[in-house]
Amino acid sequence: MKKWVMRLGVILLAICIVIFIWLGEEMKQGIQPAANGTATYIIVLGAKVKPGGIPSLSLKNRLEEAVKYLNKYPHVKVIVSGGQGEDEDQTEASVMFKYLQDKGIDTNRILVEEQSTSTYENLLFSKELLPKGTKNITILSNDFHLKRAKYLAESLGFEVDVVAAKTPKSVEIQLKLRERAALLKTYIIGY
């Protein structure tokens, strides 16, 4: 009986390692195809906001990439998407709006979606702000997050290209571990 339990344990461990590696490879594929300004709309996905409306490092990296992209492609409009978590004193979208405005992005180019509480809701609620029939969009998020975001967007009927923001080194391991679990859940449940 003990050998059987030991063998089962080894098999389960091996399966977990294979799944862990596979999910890591899946996440690496998220940064393609890189956006080139062909989509009229870019959706910047929200992330943690600190007290006083200060973007977390992850969100700041996303916003810096958004400013670069919007300056490079002045015809592109942006949807900033993110609601207010229990530990946030402002919505993520309102903080993103102010950041982009302060960096010189014309407010007529910025749409605000501030009801969402998940990546799926970011995309679902942002879809309501897009002109009917819009299929091509750009998604901007941290590199580790883009595979799941693309998968969810495609499930909503979008064709997607991406802009990848760097993941802060200080939280990279934690976020990539958490994202593996979220990606696996998305593959199993669908959202």
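Reader: Are Tyr69 and Tyr73 buried or exposed?
Author: This is a predicted model, in which local features need pLDDT of at least 70 and side-chain atom pairs count only at pLDDT 80 or more, while totals for chains, interfaces and linings use all residues. Residues are numbered from 1 along each chain as its sequence is written, and side-chain values use heavy atoms, with hydrogens and water left out. Buried means under 20% relative accessible area, exposed over 50% and partly exposed in between, with a 1.4 Å probe and protein chains only. By that scale Tyr69 and Tyr73 are both buried.

Reader: Why is the pair of Tyr69 and Tyr73 called tilted?
Author: Rings of Phe, Tyr and Trp (its six-membered ring) pair if their centres lie within 6.5 Å; planes under 30 degrees apart count as stacked, over 60 as edge-to-face and the rest as tilted. The ring centres of Tyr69 and Tyr73 are 4.8 Å apart and the planes stand at 55 degrees, so the pair is tilted.

Reader: Which helices hold Tyr151 and Tyr187?
Author: These two residues form an edge-to-face aromatic pair, with 5.1 Å centre to centre and 65 degrees between the planes. Helices (H or I, at least four residues) and strands (E, at least two) are DSSP runs, numbered from the N terminus. The pair links distant parts of the chain, 36 residues apart: Tyr151 is in H5 (residues 146–155) and Tyr187 in H6 (residues 172–189).

Reader: What is the distance of Arg180 from the ring centre of Phe20?
Author: A charge sits over a ring if NZ of Lys or CZ of Arg is within 6 Å of the ring centre and within 35 degrees of the ring normal. Arg180 lies over the face of Phe20, and its distance from the ring centre is 3.9 Å.

Reader: Which strands stand at the edges of the sheet?
Author: Two strands pair if DSSP finds at least two bridges between them. Five strands form an open, parallel sheet in the order E5-E4-E1-E6-E7. Each edge strand has a single partner strand, so one side of each is left without a neighbour in the sheet; the edge strands are E5 (110–113) and E7 (159–165).

Reader: What is the bridge partner of Val80 in E5?
Author: Strand E4 (residues 77–81) pairs with E5 in the parallel sense over four bridges. In E5, the partner of Val80 is Val112.
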